[in-house]
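Hi,

Here's the structure I promised to pass on.

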Amino acid sequence: MTDLLFNLIYVLLFPGLLFCVVMGVLLAGLDRIWVARMQRRVGPPLLQGWYDFLKCCGKETIIPRHGKKAIYYGAPLLGFVALITISLFLPVVNGQAAFSGTADLVVILYLLTLVSVCMIVGASATGSPFAGVGLSREMVAMISYELPFVLVILTVSKAVLAAGDGASYTFSLQAIADYQAANGPLITHWALIPAAIAMLFVIPCEVGMHPFDVSEAETEICEGTLAEYSGPPLALYRLTHMVKMFIMTALFCVLFLGGISTGFVVLDTLILIVFCLVLTFLTMSLPHAVCARFKTEQVFQFYWTVVAGLAAVSLILVWLGF
Amino acid sequence: MSAFINNFPVLAVMTLFVGGFLNSLVGRRHAVLQKIVVLVAVTGALAMMLALVKPVLVDGEIITYWLGNWEPVEGWAIGIALEVDALSLFFGLIVVVAVFVSGVYSFTYMSRDDSLVNYYTLFMMLGGSVLGLVLSGDLFNIFVMVEIMTFTAVALTAFRSHYEGALEGAMKYLVVGSLGSTFLLVGIAILYSQLHTLNLAQIAALLPEQSDNPLAGVAFAFLFIGFASKAFLFPFQPLAADAHAVAPASISLMISGVLTKCGVYGIIRLCYILYQNMDLAVVQYLVTGFGAVTMFICVTMAFQQHNFKRLLAFHSISQVGYVITAVGLGSALGVSAGLYHAMNHTIFKGLLFLTAGAVQHQTGSLDLDGLGGLSKKMPSTTALFLIGAASISGLPPFNGFASKWMIYQATFQKGVETNNFFFIIVCVLALLTSVLTLASFIKVTQSVFFGQLPEKYKDVKEVPLLMRVPMWILAVLCIVTGLFPTQVQNWLLLPATNAVFSAASYIDAAMGEGYAALHNIVSSGVTSLGVSTCWSPLSWLALLFCVTCAVTIVALLGGPDNKEDSHVSTADENAEELDPKYEPFFSGEESVYSQVGGSDLFWGFKHSWRKYFTFWTNWHSGVVNDYTLYGVVVTAFVLLACIIVL
């Protein structure tokens with residue numbers, strides 16, 4: 001019974017639903033304010049994302065004529081759920097995940113893919129040609145960041161495994177957290193720094209932030225994948241987008257900044273929040289304010305050459321035993 | 001009772017063959033009787049294979065049946081044997097389930113064709129020959145079954161000969177398929193000349209003593225290429241594409257789900273039991289390399305396709321590439337991952353081919369650029385397709401995810417253990433191929449089921465129930481085998497993997513106790529896979545929890561107002577005449593349907609790789625002479641490698 005209660009708390013409050021949503025809204029709000037300040041604007045209030053969410057929820061949902069209702073509603077929901085599930089597997093606080101040992105990095109990778117796929121299938125189900133263009137771009141963006149992401153995962157796993165005691169879990173997040181608890185954060189390992197930089201590049205593309213938001217380009221294709229969405233499903237997509245900012249930054253913390261623990265849950269959470277804020281500024285706000293949107297093929301070429309190259313350098317270095 | 005159960009392997013094979021011949025006797029007059037004969041035969045074979053599960057998979061017995069009771073005398077096996085260990089039964093189960101589903105599906109799907117007698121006779125012979133192949137304990141018998149299999153498959157490919165390219169596809173398959181069969185025969189002949197026996201168990205006992213004999217290496221190369229051609233590995237994949245595109249969907253299921261499995265089974269039998277040379281690094285490179293190249297080239301070629309079933313064909317071979325990659329690792333985890341994926345491949349690929357068949361049955365088209373918006377008209381088929389697509393792309397919680405997860409684990413572990421970068425590249429390729437597979441299936445989803453419905457398809461209806469039932473069987477299997485990976489591992493994969501690593505007991509079961517020890521063959525078997533599952537029930541319960549909460553929250557926050565929606569959508573559906581002012585416009589131009597054609601969906605990706613795509617598109621020239629040449633050249637390379645190293 002107590003187990004059930006604890007699981008319920010994990011899923012609903014911390015580090016599940018509530019915490020993710022709060023963090024997502026916080027990061028998104030700060031991101032907007034930072035970008036505005038860099039562009040010499042005032043920017044919206046901190047909770048603007050939340051207000052948008054509430055407002056969308058109250059609006060009417062209009063399903064287009066060519067749309068498929070079940071998927072129109074189901075896809076945003078499933079995507080959001082898959083994203084929240086990831087938070088349960090990340091050993092963010094105290095080096096412990098809510099449900100440890102049940103999912104590894106590959107599961108995380110695929111759950112993140114599932115989130116994007118839900119978005120794509122949902123867009124596809126609206127039957128809009130704008131969404132068609134948007135989803136094709138989203139697919140290419142996905143292919144783009146997936147290669148460096150995979151290389152980073154292999155690099156980190158290999159680095160941990162090389163030092164470990166032959167654990168049978170090769171992609172285990174718990175092993176990565178334990179290793180960092182014993183040996184300090186992986187980012188202090190010089191051979192892993194290129195991989196960390198590559199991962200920093202993966203974050204904005206995975207989240208779909210500005211210079212890489214080819215699939216939602218408002219000015220070109222009317223928000224592409226979201227073109228036909230309205231009402232609560234749109235609200236859910238917006239929320240998914242915000243929560244993804246938190247999940248991706250937290251994933252970076254798990255992979256490269258783990259092992260910094262004070263033993264107190266509250267303090268650890270605060271440290272995590274600070275890391276997430278810094279990462280949001282570095283990977284999302286700064287490029288957003290500085291760069292104009294890339295073309296689709298530019299995104300692809302950039303990720304498969306520069307970013308994948310950085311990750312590959314790290315993988316080879318780790319392989320050679322550095 | 002137990003003595004009677006020993007007859008089941010031969011009876012199961014006989015049932016399918018006799019059913020086929022009986023069908024040609026009675027089926028010409030009585031259409032109903034024909035279906036009853038087919039149904040009884042496929043169900044009978046399925047039941048007999050299921051009856052063997054208890055003794056073989058659970059108790060670990062090896063059932064040996066000597067035709068005509070010609071048992072080995074003084075250590076020489078002259079008679080023909082059927083030998084069923086857990087590996088054979090594992091593939092046997094895959095075969096009978098696929099035959100059953102395909103047979104039931106055919107009843108409605110083929111109802112518009114004529115000369116159905118020929119169809120069912122060939123179909124049953126195809127099923128029987130494949131079942132005979134995996135249960136056989138005799139090398140020459142395997143060749144005979146391969147021949148029956150190839151020729152019935154060729155005939156069935158050309159069954160709808162009025163299709164454009166049907167005869168062409170069958171012709172290519174015939175020529176290059178015969179090439180593969182010939183290589184098999186050459187390999188068998190060499191082995192027979194050296195060892196004077198054709199019994200698998202006896203060959204397995206005698207071969208390791210021949211390790212100095214260069215002819216053993218030559219035979220290995222020929223047999224490997226022979227089986228690889230049956231699995232359509234690189235460079236034989238164009239045949240599969242041509243054959244699948246024109247074959248009836250039920251036959252596509254057989255070709256992708258069953259025929260390719262023969263090649264996989266053959267390669268496992270060859271490397272692990274006959275030669276027991278899987279611990280040699282060069283064999284690992286050879287098998288894994290073939291698998292990895294196949295899986296990557298085929299998935300990229302799928303991007304170029306405009307025909308629904310051609311696209312599925314390339315994916316089918318790409319997934320077989322995964323299986324071979326995993327099998328080639330030589331570790332217990334690799335083998336079980338490969339077997340798991342082989343099983344899942346039959347399930348999800350069968351499902352996808354059947355949904356393609358359903359689309360073809362109702363619309364008469366397989367053109368990805370011409371179809372669209374069918375989800376409104378065929379909701380059940382769309383749901384089934386999405387399940388199949390999610391499975392093949394390896395999305396959790398479907399079965400493709402569980403097996404692919406094991407493949408990544410196995411390749412990565414192999415790379416770390418041997419400290420060999422080759423396996424890491426393979427691992428990256430495997431992960432990448434999975435994303436590309438997903439991308440490619442998004443394209444199909446978008447261009448067939450979603451998007452806008454062309455005017456000419458507005459009267460399309462859902463397929464009849466009898467076609468949906470087989471598809472739902474496969475879809476449920478997709479989910480069940482994905483949700484319970486631990487159970488699948490314990491009940492199916494572990495016994496089969498154990499059989500793969502127990503050459504000695506395979507030999508002893510046929511040749512008598514102690515025969516393996518006499519020839520210094522010791523094998524340990526496998527008792528555990530040394531890795532726990534990726535996706536424990538706890539975590540998907542958590543997922544379920546989340547779903548419920550999310551739904552509640554959405555509902556509480558004012559959520560979807562169903563009354564209004566249904567009002568909106570029905571009003572729209574009833575609007576027959578489309579007002580042109582509601583049409584989408586692009587930069588002042590009136591839109592044509594589906595702005596982004598299926599072929600252009602990945603422009604950013606394809607543009608950056610245009611040289612690669614141009615090269616491989618030209619490589620698939622469609623000329624049978626070229627394909628034969630590729631086969632011969634690759635054989636020459638493998639031959640050279642085997643002679644030098646083995």
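A residue counts as buried if 20 or more other C-beta atoms lie within 10 Å of its own, with C-beta atoms placed from the backbone. By that rule, buried residues make up 62% of the 322 residues in chain A. For chain B the figure is 59% of 646 residues.

Some ground rules: this is a predicted model, where local features need pLDDT of at least 70, side-chain atom pairs count only at pLDDT 80 or more, and totals for chains, interfaces and linings use all residues. Residues are numbered from 1 along each chain as its sequence is written, while chains are lettered from A and ligands numbered from 1 in the order in which they are written.

Now the folds. Chain A has 12 helices and zero strands, and chain B has 27 helices and four strands. (Helices are DSSP runs of H or I with at least four residues, strands are runs of E with at least two, and both are numbered from the N terminus.)

On contacts (two residues whose C-beta atoms, placed from the backbone, lie within 7 Å): in chain A, 80% of those with a separation of 6 or more involve residues 24 or more positions apart. In chain B, the share is 79%.

C118(A) is buried, because 24 other C-beta atoms lie within 10 Å. Beyond its neighbours within four places in sequence, C118(A) touches A75(A), P76(A), L78(A), G79(A) and A82(A) by the contact rule. Its C-alpha atom is 9.9 Å from that of Y72(A), 46 residues away along the chain.

Cheers

Terms used:
A residue is buried if 20 or more other C-beta atoms lie within 10 Å of its own, exposed if 12 or fewer, and partly exposed in between; C-beta atoms are placed from the backbone.
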